Amino acid sequence: MNIAVTGLNATDNPGPGIPVIRSLKEQKKFSGKITGLIYDSLEPGIYMDDMVDNYYLIPYPSSGLDNLMERISYIHKKEKLDLIIPTLDSELYGFVKLQPKLEALGIRTFLPTLEQLNIRGKDKLFDFCKANNINVPKNILIQSQRDLEKIEKQFKFPVVVKGIFYEAYIAQSFEEVLPYFNKLKSKWGYPIIIQEYIKGDEYNVVALGDGNGGTTGAVAMRKLYITDKGKGWAGITIKENTLIDMAHQIIEKTKWCSGLELEFMKSKETGEFYLLEINPRLPAWVYLAPQAGQNLPAALVKLAFGKKVKPFTTYEIGKIFVRCSWDLITDIKKFETIATLGEW
Amino acid sequence: MTKKRYERPVISKHYSGLMNKYGGRQMTPPKTHLDGIAVKELTEKFGSPLFVMSEKQIRNNQQNANRIFKNRYPKVQFAWSYKTNYLDAVCSVFHQENSWAEVVSSFEYEKAKKLGVKGEHIIFNGPDKSSEALLHAIKDTAKIHIDHFDELYEIKKITETEKLKAKVAIRINMDVGVYPKWDRFGFNLENGEAWQAIQRIASNKNLQLIGLHSHIGTYMMSAEAYRLAAQKLSLLAKSIKTDLGIAIEYLDLGGGFASHNTLLGQYLPAEQIVPTFEQFADAIASGIFSASFKTEELPLLILETGRALVDDAGFLLSTVLANKRLADQRRAIIIDAGVNILFTSFWYKHKITPAQESGMHSEDVTLYGPLCMNIDCVRESIVLPPLNKGDRLVIEYVGAYDMTQWMQFIQMRPNVVMIMEDGTVELIRKSENLEYLLDREILPVKFKKSSKQSKTKH
Amino acid sequence: MTNYHLQENLAVSDSGFLFHASTGETFTVNETGKTIIKLLQQKKEKDEIFSQLVNEFDIEAGLLEKDYEDFINQLKNFSLIEVK
């Protein structure tokens, strides 16, 4: 079996590729090959020993599907891929659209549908949660300058000012909202989202949906250490049924097919959990899951091959991950080959 | 010994930092042929720049759209949106594929008539319809879509004086959760204006209300918005039936489906995020079905899709005029197709592909058009293989709006050809020349130099 | 009498990978670029370089001048060449 994985950028803003591969290799009976699909000759995953068997540069998602398909066909001819696991947000739309073509080549995927991907849109998530009784921060869409007056009537400061696609700022007062509002408006256009700012601690859940509404597994974690970039650098598995129940509920309602990460904030004020975001893929901390007893990446592979997987029901509480920096030493030859030939 | 292919010598630095946008090599194969015809042959014969339309692609698109919609809804009629591309040859292909005509000006109306479209198969839209045009359309029993109250009263007046009956529909704007909200065309649903207009039409014996029309926006990325629009129009049609006893014959959901052109500032290519035709069709059909019409009372569904049916059937062939370096060492390439004929480059990142083989190397360049005018920038930044003077580029997805919004400015408009289904190539619009330009100009007599004077000056 | 001086410590491999050992910078050059750099390393004069290129590639000498000067400018821009 040859499994191709993307996202080997194990940097300080890590892609989930390496943890997914580590999880797969953790299985006792794993004898398959791993092909790394990379975008840059300096992705750290390339230089880790015993992780990946061969590497291929692939074109960026922004350069079009024909290019990507052509490159994958080339790689497939040489490597005979059985499964591709894309792990980066920006790749998902492309791979979802390529699914039929990949299937025709005999390459499997296990991905959410376009509809499922769209639920996570910043304006849609709010409606989805409200319809399903999941707490979300109070949220309004600003569609014109005139709507700005709603903010002071409906919110206490600080508030979060968000663009429809990306970027968010925290505004302490109405005066502070204006410059962010103008910046976001000129960059991403209307609507601008004004969101209640929830003070509290961050909690995350990694889960796997089987595509029929069933949850194959779910592990909850509290971030112990957050970098200045807002990335979790250490975390601990926790016992919190509310979070696991919400993961089950979301997977059931969306019939989610694939891995996902849920980001929650536990409000200091009310003690309740608020869903901030649904990330449509396994997170970079997914290696904590097999260590706590739920090998979700391995289960994802089984599901992709149409096998039945007995859902995990428990996991070990109190398992900790601590991320570390570790310098890998390599010879210029490997870098040169990948930079010029695009494969290794 | 056969010599190696020459390519301009190029060096590029590997910049540190992951996900470096220009680090990856371009892996696009060249586009040497269009529908089996060599690009080189086309430009040699018809000049460069050159617009090329593919008859096959237009037919494929229209047949596909018909099939997809008819699989989901029993009564469907497409009307070709003239403003998107009103070249006679292009319109004719659509009409052969059973599309009606959707026009927004009297010259488009006349064009459709000349192509043999029956009045009853012309949908007359838009805010500007002169009294003459309205009279003409009423006599032809064309479907007039009323945009505002002034127009409604104008039609009322004409039918009274001329003792005629008019078939009308009204354009309705509404909130379907998309931005910007298009409220400048038609009558608003939520504030009751639409209902007012409907009542006025219903109370006039000369006016027959036959349809409801909406057009929620352009380049729509959400199929859901169409579901909502279809549902709201359907519910309105049902209340018209219940309250006023008028059976609405058709619902016109307009156009606005996004094509596969990617907008500037949009990271992912359109093909990855734009809903498919199937999704638009599913949304519209289920929107109408949700109003639970009796089967025999289901209205005809009219669609005025333009862009999504013709964009990928148009290509612009262009030739490299020069290579240069800008002050900051960035590479710039000047091509012979400028923004005057590629208006859509102000909002699209067109797919631009070399028409000849190139090496593995690529560089980041700015593409300029040939106009001596600062605005003439076809693309700020694009990764292309090193190009030599005389090399050709194929600019894709230019079938919509470029051949109607183009202008004669510094350069004339070039030839347009159509590659026919049988592989022949027909010239469908001749390039303009000085004679064509001067034909419309009138030089007042006092400026005219007699041949004598000009001789003495020599 | 070439007045260009290519930096020492430049290693160019067959794949077109260029490593500048004194600065640690790395580059990619295409086939023609690689040929020119190798000839510059051998201290060849411009006319020798041109005749070599004409022998090897499908190009006329008259058309080389502009591209060659542009390439030299690119090398200067990356400080890979010094002008004496």
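This is a predicted model: local features need pLDDT of at least 70, side-chain atom pairs count only at pLDDT 80 or more; totals for chains, interfaces and linings use all residues.

1. Although N133(A) is not a glycine, its phi is positive, at about 55 degrees.

2. Two cis peptide bonds deserve a look while the backbone is on screen. In chain A, F157(A) and P158(A) are joined by a cis peptide bond with omega of about 0 degrees, and P158(A) sits in the loop between α6 (149–154) and β6 (159–162) of that chain. In chain B, the peptide bond from S48(B) to P49(B) is cis, its omega being near 0 degrees, and P49(B) belongs to the loop between α1 (39–46) and β4 (50–54) of chain B.

3. For chain A the domain assignment gives domain 1 as 1–109 + 325–339, domain 2 as 137–194 and domain 3 as 198–320. The centres of domain 2 and domain 3 of chain A, taken over C-alpha atoms, are separated by 29 Å.

4. How many residues are in contact between chain B and chain C? The contact involves 21 residues of chain B and 29 residues of chain C, and the area buried between chain B and chain C is about 2,200 Å², with carbon and sulfur atoms giving 53% of that area. On the chain B side, K4(B), Y6(B) and I11(B) lose the most area to chain C, and together they account for 33% of what that side buries.

5. K13(B) forms a salt bridge with E25(C), in which the closest N and O atoms are 2.6 Å apart. Between chain B and chain C, 15 residue pairs are in polar contact, counting pairs with both residues at pLDDT 80 or more. The elements giving two or more residues to the side of chain B that touches chain C are β1 (11–13) and β15 (314–325) of chain B, and the largest share, three residues, comes from β1(B). By residue type, that side of chain B divides into seven nonpolar, six polar and eight charged residues.

6. β1(B) runs antiparallel to strand β4 (residues 25–29) of chain C, and three bridges join the two strands. Within β4(C), T28(C) is the bridge partner of S12(B).

Technical notes
Residues are numbered from 1 along each chain as its sequence is written. Chains are lettered from A and ligands numbered from 1 in the order in which they are written. Side-chain values use heavy atoms; hydrogens and water are left out. Contact means heavy atoms within 4.5 Å. Buried area is the accessible area (1.4 Å probe) that two parts lose on being put together, summed over both. A salt bridge is a side-chain nitrogen of Lys or Arg within 4 Å of a carboxyl oxygen of Asp or Glu. A polar contact is a pair of N or O atoms within 3.5 Å; within protein, one must be able to donate a hydrogen and the other to accept it, and residues adjacent in sequence count only if both atoms are side-chain atoms. Helices (H or I, at least four residues) and strands (E, at least two) are DSSP runs, numbered from the N terminus. Ala, Val, Leu, Ile, Met, Phe, Trp, Tyr, Cys and Pro count as nonpolar, Asp, Glu, Lys and Arg as charged, and the others, Gly among them, as polar. Two strands pair if DSSP finds at least two bridges between them. Domain bounds come from an automatic or database domain assignment.
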